[in-house]
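Trainee: I am new to this one. Can we go through what the terms rest on?

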Amino acid sequence: VQLQASGGGSVQTGGSLRLSCAASGMNFKLASMHWYRQAPGKQRDLVATITTDSSRNYDNSVKGRFTISRDNVRRTVYLQMDSLKPEVTAVYYCQTRWYSRDFWGRGTLVTVSS
């Protein structure tokens, strides 16, 4: 299984970014997908989850501003991030569990400046 994340960058407060994570080596439509983030000096935290039937869950801190979605044909999960604030600056990782093993993408850096 490989997860390739992309889409990070630097934006100003109030801006938007869309992260993508392309999966390979697995039956994508059968796996829940997750986005995590890790800010400097902090632990890695779960941001959003999308299940196989596209049910979504979000950390309270991003509700209403982030949207997770998936495209099973493209085998890609997305994280649309709007109304960005400096406190969301972090490295964002996509993650999934397949056959009882956890797989992580490489991470993509999101920097929001004030």
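Mentor: Start with D102 and R97. In this predicted model, their closest N and O atoms are 2.9 Å apart.

Trainee: What makes D102 and R97 a salt bridge?

Mentor: The cut-off is 4 Å between a side-chain nitrogen of Lys or Arg and a carboxyl oxygen of Asp or Glu. The D102 and R97 atoms are 2.9 Å apart, so the pair counts.

Trainee: Why is D102 called partly exposed?

Mentor: D102 has 39% relative accessibility.

Trainee: How many salt bridges does the structure hold?

Mentor: Two. D71 also forms one with R74, with the closest N and O atoms 3.0 Å apart.

Trainee: Is D71 buried or exposed?

Mentor: Buried, because 19% relative accessibility is under the 20% cut-off.

Trainee: And what makes R74 exposed?

Mentor: R74 has 60% relative accessibility, and exposed means over 50%, so R74 counts as exposed.

Trainee: Why is strand 9 described as largely enclosed?

Mentor: Seven of its nine residues are buried, so the rest of the structure largely encloses strand 9.

Trainee: How do you know that strand 9 pairs with strand 4?

Mentor: Pairing takes at least two bridges. Six join strand 4 to strand 9, so they pair, and they run antiparallel. H34 stands opposite Q95 in strand 9.

Trainee: What joins strand 9 to strand 10?

Mentor: Four bridges, and these strands run antiparallel. W98 has R101 as its bridge partner in strand 10.

Conventions:
Residues are numbered from 1 along each chain as its sequence is written. This is a predicted model: local features need pLDDT of at least 70, side-chain atom pairs count only at pLDDT 80 or more; totals for chains, interfaces and linings use all residues. Side-chain values use heavy atoms; hydrogens and water are left out. Buried means under 20% relative accessible area, exposed over 50%, partly exposed in between (1.4 Å probe, protein chains only). Helices (H or I, at least four residues) and strands (E, at least two) are DSSP runs, numbered from the N terminus.
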